[in-house]
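Please find below my notes on this two-chain entry.

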Amino acid sequence: MNVWLIAKRDFGAALHGLWGYALVASVLFIDGLLFNIFAMERTAKFSHEVLEDFFYYTSGPTIIAAVLFTIRSFAEERQTGTETLLVTSPVSETEIVLGKYAAVMGVLSVLTLLTAYMPAMIFVNGKVSPGHIAIGYLGLLGVASASAAIGLFGSSLVKSQVAAAILSGVMVVTLLICWFLAELTDPPFTDVIAGLALHNQHFQAFSEGRLVSSNLVFYATVTYAFLMLTTRILRGRRWQ
Amino acid sequence: MIQVSNLTRYYGEFPALRDVSFDVREGEVIGLLGLNGAGKTTTLRILCGLMSASRGSVTLDGTDVGSATDELKRRIGFLPEDPPLYKDMTVSSFLRHMGRLKGMTAARVEKRLPEVIALTNLQGREHQVIDTLSHGFRKRVGIAMAVMHDPRLVILDEPISGLDPVQIVEMRKVIRQLGQGRMVIVSSHNLPEVTLTCDRILVLRDGKLVASGTEDELAKRLGDARIVLTVRGEQAAFEAWLKAHPKVEKMNPRPVANPYASAVVDLQGDIREAFIAELIAAGFGIRLVEVPDDELEEIFLGLTRGEVSA
């Protein structure tokens, strides 16, 4: 119940005022732009290749949106003092973190759903399977979920929203360029570091319409790990 | 009943609170008085479970507040100095949200909401967005939030700061009403305000509880030993005599026209009769012996600055 209450409140707050809508509109605009420029480029392509490119290019703005929507979660509450409202209520740290995560995922789900007109156009004018579309969106939500968890963790560490954005951005970028860092190392670190790559290693299969369970497990693990760390941060701060 | 025993809190090496002990009984409104940095907010934050104590204990109806159980959180209402409010929400939706978060059922929230709105005089503002309210109304929303779940203990940190005179008068009424059937702790650095709203006053200085009692009891502590003297004689000679007297703890000259001299004198204990006799014997003609007008303010300043021993 408490998770639902917090999620409902945060979902409303995320879309209150210009910030939320401006962010949603900007991400959709960029998604559309990338779709037109790169996915729909003039060279001959199969429909499934267009869809694959759509998911590939949409994942970038989705990751950025996930981080930007989460930076307010804890940093703003600490800045404005409203964190006190949660801490003095009979609500556990886990419920607070889950509530905030659910709210951000709600917003990101709406945002992702609003891009559906692009795969719908490919579906109507070309030949792609609904399964490919569903798996691609599952991947988008997976990478969004992991990025949101990292963003929540960054937001729980500092009071300033700008600092939270920078911190979360650095963590996400580090995980994004793991494939590149892996090339600079020797085995066995190469495989370990490459396996941590947030996008390159784990998103590709989703965009191609292949459901690989290890990729799902990876996103679930990153999400769980960062949400757990966030819970620990909240709990630890109380007893400082 | 809330019982505070030997409460101590360190920030690193700095002792913000040192062995503070007191209790609050049912229906009592307690004023926690002290200058900035005296330890008031630290005390309140520990009382409501927001912060842990380095040493000592706080129990509410026998339950240790440090355990911060959900049941305990339902029994405490806290309003920080700057009310934490979700400013994008309307007054009623915010109070509903907080009621549910405190564990109230939807039906109980709907029953309680009009009572709290009436208690804090927020009628007509229920559907207004909090961001558009004045500072005074936001304070009221903060109090409404703190008492929404009908807690046993209400803790208000500087509830009158930033309010205009009319709002202060209204806030006094609200605080007095809150005290009916509950325990209320109000922190302030404003002595007159505390004396007007509280049954008992606790004075903190440098993290220590230096005085506790009613307004009269506190006044008695210094009133017996502090007098304003006006005599016939030279001001310089009068001051020299006072400074030389072994039982005069402190002396502050007061400007008066010749041929008179005057000073506020702190004596070591209630030795007024003997002291006046000595003064007459020294050749000073007694014109006036009085208790200072601003006695209570002086007591507060004395206690909080450490000029009076605890």
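**Notes on the model**

1. Tyr11(B) has contacts with Ala16(B), Thr42(B) and Met51(B), leaving aside residues up to four places away in sequence. The residue lies in strand S1 of chain B, which covers residues 2-11. The model is a predicted one, and the remarks here should be read as describing that prediction.

2. Is Tyr11(B) buried, exposed or partly exposed? Its relative accessibility is 35%, so Tyr11(B) counts as partly exposed, given that the class runs between the cut-offs of 20% and 50%.

3. Thr230(B) belongs to another strand of chain B, S11, made up of residues 226-232. With a relative accessible area of 11%, Thr230(B) is buried, because the limit for that class is under 20%.

4. The surroundings of Thr230(B) can be listed. Not counting residues up to four places away in sequence, Thr230(B) touches Arg254(B), Tyr260(B), Ala261(B), Ser262(B), Gly285(B), Ile286(B), Arg287(B) and Leu288(B). With one of these, Ser262(B), there is a polar contact between side chains, at 3.3 Å.

5. Next, the contact between the chains. Chain A contributes 21 residues to it and chain B contributes 25 residues. The area buried between the two chains is about 2200 Å², and carbon and sulfur atoms account for 60% of this.

6. How many salt bridges are counted between chain A and chain B? The count is one. It joins the side chains of Arg9(A) and Asp88(B), with an N to O distance of 2.9 Å. Five residue pairs are in polar contact between chain A and chain B, both residues being at pLDDT 80 or more.

7. On the side of chain A that touches chain B, the elements giving two or more residues are helix H1 (2-14) and helix H4 (83-87) of chain A. H1(A) gives the most, with five residues. Sorted by class, this side of chain A has 10 nonpolar, eight polar and three charged residues.

8. Helix H2 of chain A (residues 17-39) has a length that can be checked. Its 23 residues, at 1.5 Å a residue, should span 33 Å, and the end C-alpha atoms are 33 Å apart, which agrees.

9. Which residues of H2(A) are buried? They are Gly20(A), Leu23(A), Val24(A), Val27(A), Asp31(A), Gly32(A), Leu34(A), Phe35(A) and Ala39(A). An α-helix has 3.6 residues a turn, so residues three or four places apart point the same way. The cover over the buried residues of H2(A) includes H1, helix H3 (47-80), helix H5 (93-113) and helix H6 (117-125) of chain A.

10. Thr115(A) sits in the loop between H5 and H6 of chain A. Its relative accessible area is 2%, so Thr115(A) is buried. Leaving aside residues up to four places away in sequence, Thr115(A) touches Leu28(A), Asp31(A), Phe54(A), Thr58(A) and Tyr137(A). One of these, Asp31(A), is also among the buried residues of H2(A).

11. The same length check can be made for helix H7 of chain A (residues 130-157). At 1.5 Å a residue, its 28 residues should span 40 Å, and the end C-alpha atoms are 41 Å apart, which agrees. H7(A) is mostly covered, with 22 of its 28 residues buried.

Conventions:
Residues numbered from 1 in each chain as written. Chains lettered and ligands numbered in written order. Predicted model: local features only at pLDDT ≥ 70, side-chain atom pairs only at ≥ 80, totals over all residues. Heavy atoms only, no water. Contact = heavy atoms within 4.5 Å. Buried area = accessible area lost by both parts, 1.4 Å probe. Salt bridge = Lys/Arg side-chain N within 4 Å of Asp/Glu carboxyl O. Polar contact = N/O pair within 3.5 Å; in protein donor to acceptor, adjacent residues only side chain to side chain. Helix = DSSP H or I, 4+ residues; strand = E, 2+ residues; numbered from the N terminus. Nonpolar A, V, L, I, M, F, W, Y, C, P; charged D, E, K, R; others polar. Expected span 1.5 Å × (residues − 1). Buried < 20%, exposed > 50% of the residue type's maximum accessible area, 1.4 Å probe, protein only.
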